Amino acid sequence: MATFTVRLRGYSKRQVHELAERVERSLAGSGELTGAGLRRELEERGLDIVLRGYDPEEVHAAVLEWERRLNEQA
């Protein structure tokens with residue numbers, strides 16, 4: 001999993017870790033997520049902003065990369 005800078009206010013570490021694990025399982029062949037599914041899920045539910053969370057810009061960059069990789073796999 002990518003490493004992210006912790007900020008005073010950022011995305012929930014737990015949610016980012018869970019999402020990264022789901023992406024990795026999907027890339028390993030589980031079919032749990034597609035690129036479109038990842039985007040749709042984040043648009044519908046998003047990620048919570050919490051104290052001492054992950055830098056949103058870094059997470060957004062990782063999500064774009066995850067989406068690209070999932071789309072390539074399809």
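Trainee: What volume does the second largest pocket have?

Mentor: A pocket is an open set of points on a 1 Å grid over the protein atoms alone, where a 1.4 Å probe fits, with protein on both sides within 12 Å along at least five of seven lines. Its volume is the space filled by probe spheres set on the points, which are joined across faces, edges and corners. Here the second largest pocket holds about 160 Å³. This is a predicted model: local features need pLDDT of at least 70, side-chain atom pairs count only at pLDDT 80 or more, and totals for chains, interfaces and linings use all residues. Residues are numbered from 1 along each chain as its sequence is written, and side-chain values use heavy atoms, with hydrogens and water left out.

Trainee: Which residues line the second largest pocket?

Mentor: Lining residues have an atom within 4 Å of a point. For the second largest pocket they are Gln15, Glu18, Leu19, Arg22, Glu41, Leu42, Arg45, Gly46 and Leu47. The elements giving two or more of them are α1 and α2. Helices are DSSP runs (H or I, at least four residues), numbered from the N terminus. α1 gives the most, with four residues. By class, the lining has three nonpolar, two polar and four charged residues. Ala, Val, Leu, Ile, Met, Phe, Trp, Tyr, Cys and Pro count as nonpolar, Asp, Glu, Lys and Arg as charged, and the others, Gly among them, as polar.

Trainee: How much space lies in the largest pocket, and which element gives the most to its lining?

Mentor: The largest pocket has about 190 Å³ of space. Its lining includes Tyr11, Arg39, Leu42, Val59, His60 and Val63. α2 (35-45) and α3 each give two or more residues. α3 gives the most, with four. Six lining residues are nonpolar, two polar and two charged.

Trainee: Now the helices. At what angle do α1 and α2 pack?

Mentor: α1 and α2 pack at about 160 degrees, with axes 12 Å apart. That makes α1 roughly antiparallel to α2 (an angle over 145 degrees). The contact (heavy atoms within 4.5 Å) joins Leu19, Arg22 and Val23 of α1 to Leu38, Glu41, Leu42 and Arg45 of α2. Four of these contact residues are nonpolar, none polar and three charged.

Trainee: How do α1 and α3 pack?

Mentor: Helix α1 (residues 13-30) and helix α3 (residues 56-73) pack at about 20 degrees, with their axes 10 Å apart. That makes α1 roughly parallel to α3 (under 35 degrees). Their crossing is left-handed, the anticlockwise case. Val16, Leu19, Val23 and Leu27 are among the α1 residues that meet α3, where Val59, Trp66 and Leu70 are among the partners. The contact has eight nonpolar, three polar and two charged residues.

Trainee: Where do the axes of α2 and α3 cross, in degrees?

Mentor: At roughly 145 degrees, with the axes coming within 7 Å. Gly35, Ala36, Leu38, Arg39 and Leu42 of α2 make the contact with Val63, Leu64, Trp66, Glu67, Leu70 and Asn71 of α3. By class, that is seven nonpolar, two polar and two charged residues.

Key. Axes fitted to C-alpha atoms, helices over the stretch in contact; angles between N-to-C directions. Parallel < 35°, antiparallel > 145°, perpendicular 65-115°, else oblique.
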